Amino acid sequence: MPLLLIAGILVGLIATRMTGGGGHIPAGGLHAGATHPASLPGVVLAAAASLPLGAVLGPEAPLIALGGGLALLFRKLTRIPGTPQTTALLGAAGAAAAIAAIFGNPLIAAVLLIEVSGIGGPQLFAVMLPALLSSGIGDLIFTGIGHWTGLETGSLSLTLPTPLPHLDPADVLWTVLIALVLALLLHPVMAAGRRVAAFVSARVLPRTVLCALGAAACAALYALTTGHTPADVALSGQVTLGELAANPYAWSTGALIAILVLKSIAYALCLGSLRGGAIFPALFLGAAAGVLLAPLPGLGAVPAMAAGMAASTASIMRLPVSSVLLVVLLLGSSAMIPIAILAAVLAFITTELLSARTAQPATPHAEQTAPGAGGPKATGAP
């Protein structure tokens, strides 16, 4: 409680007193535009005040802003004349370097930036989604399903010491249900984050503090009722995700339900008030849902977690291809690619349909996520 109280006070002060307001509000999605160098101190301080003190957010958004801003600052120091095209190029290059540093993979940096910046517009997704889905279904010919082991083909992947389980029809069928349910449950979480952002914008400092205390109360309530550490609900979930994958049975059914409910509430409060990224909490919520549903007949823990992580990330971030790559990167194997693709595509389509039916409130300091554009529009400094 005192740590998030301090976070709320500091972020509220930064948002009202410093250039750039500490960066964009996470409820607006990832921001691919270049950050003005004058805004960098606020971005760094707001992230430092949010992430270590328990905000249910990840580091990717502040580091993307920092990478793009430092690239522009370097150009300014070298006194190289700039054009709108070179500004966009340098900002994207800095952001890509930051993403690659976070995830330890340059491929995810390139794909994530393509989706976030909306290159190609709605037509990109009109082509990408059918191609992604058909490639995932076609991959079952080589990975196999049920008792059929699939066809032999050359592969560039390495053989893991402990191979992941073989997919069967039950895994595929349960994946469809998991994707639909998570999209229906997580879409309101992001919408709540936008409503929190609108609520905070009226009186930034006191309401930022109030939201931070609300997130702290969720973590405290979880700890008091389950006996687990409050860090399960607070923070981004990156460390807990590794513990969950290594020992999924360390949490009871009641604890998993509690963590899903309370972390979702804390997540929505932090999305609209503090500063950070939305990816890692989304991954954790999907993994926790997968572990909760793993005992379903014919469903294994690994396919359930893969489906849950892909569906939750695609639903929250609305970046289906990046979601699949993230899951494959985390699992360290291509064995779950068909499951991840099916879950990501279904969750993305469901979220787009839900968004089309719901008028989304404006988010201050951030561009709206355009349906079908895969992310917020690229703009200048926040």
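**Notes on the predicted model**

1. In this predicted model, the largest nonpolar core has 90 residues, and those with the most contacts inside it are Leu30, Val233, Leu244, Tyr267, Leu274, Ile279 and Ile316. Helix H10, residues 253-271, gives the most to this core, with 11 residues. As general background, nonpolar side chains in soluble globular proteins tend to be buried together.

2. For the chain as a whole, there are 14 helices and 2 strands, and buried residues make up 51% of the 382 residues.

3. Leu274, one of the core residues with the most contacts, deserves a separate look. With residues up to four places away in sequence left out, Leu274 touches Leu4, Ala7, Gly8, Val11, Pro26, Ser50, Ala55, Leu57, Thr208 and Ala212. Among these partners, Leu4, Ala7, Gly8 and Val11 are also listed as buried residues of H1, the helix taken up in the next point.

4. Helix H1, residues 2-17, has 16 residues and reaches 22 Å from its first C-alpha to its last, close to the 22 Å expected at 1.5 Å a residue. Its buried residues are Leu4, Ala7, Gly8, Val11, Gly12, Ile14 and Ala15. Because they cover an arc of only 165° around the axis, they lie on the same side of H1. These buried residues pack against helix H2 (40-50) and helix H8 (204-226), whereas the face turned away from the buried side carries the exposed residues Pro2 and Arg17.

5. Which residues of H4 are buried? They are Gly91, Gly94, Ala95, Ala98, Ile99 and Phe103, and because they cover an arc of only 155° around the axis, they are placed on the same side of H4. On the other side of H4, Gln85, Leu89 and Ala101 are exposed.

6. With helix H12, residues 301-317, the axes come within 8 Å and cross at roughly 35°, and the crossing is right-handed. On the H7 side the residues that meet H12 are Asp171, Thr175, Ile178, Ala179, Leu182, Ala183, Leu186, His187 and Met190, and their counterparts in H12 are Pro303, Ala304, Ala307, Gly308, Ala311, Ser312, Ser315 and Ile316. Ile316 is also among the core residues with the most contacts.

7. The axes of H7 and helix H14, residues 337-357, likewise come within 8 Å and cross at roughly 35°, and here too H7 passes its partner in a right-handed crossing. H7 makes this contact through Asp171, Val172, Thr175, Val176, Ala179, Leu180, Ala183, Leu184 and His187, while H14 contributes Ile339, Leu342, Ala343, Leu346, Ala347, Thr350, Thr351, Leu354 and Ser355.

8. Leu235, in the loop between H8 and helix H9 (238-246), has a positive phi of about 65° although it is not a glycine. Arg318, in the loop between H12 and helix H13 (320-331), has a phi near 60°, again a positive value in a residue other than glycine. Leu235 counts as partly exposed, at 32% relative accessibility, whereas Arg318 is buried, with a relative accessible area of 3%.

9. Two pairs of positions complete the note. Ala231, in the loop between H8 and H9, is partly exposed with a relative accessible area of 29%, and its C-alpha is 9.6 Å from that of Val56, although 175 residues separate the two in sequence. Leu40 lies in helix H2 and is buried, with a relative accessible area of 7%. Leu40 and Met18 are 22 residues apart in sequence and 9.9 Å apart in space, C-alpha to C-alpha. Neighbours within four places aside, Leu40 is in contact with Thr35, Ala65, Leu66, Gly69 and Leu70.

Terms used
Residues are numbered from 1 along each chain as its sequence is written. This is a predicted model: local features need pLDDT of at least 70, side-chain atom pairs count only at pLDDT 80 or more; totals for chains, interfaces and linings use all residues. Side-chain values use heavy atoms; hydrogens and water are left out. Helices (H or I, at least four residues) and strands (E, at least two) are DSSP runs, numbered from the N terminus. The expected span of a helix is 1.5 Å times one less than its number of residues. Buried means under 20% relative accessible area, exposed over 50%, partly exposed in between (1.4 Å probe, protein chains only). The arc is that of the directions from the helix axis to the C-beta atoms. Contact means heavy atoms within 4.5 Å. A nonpolar core is a set of buried Ala, Val, Leu, Ile, Met, Phe, Trp, Tyr and Cys residues joined through side-chain atoms within 4.5 Å. Axes are lines fitted to C-alpha atoms, for helices over the stretch in contact, and angles run from 0 to 180 degrees between N-to-C directions. A crossing is left-handed if the near helix is turned anticlockwise from the far one by less than a right angle, and right-handed if clockwise.
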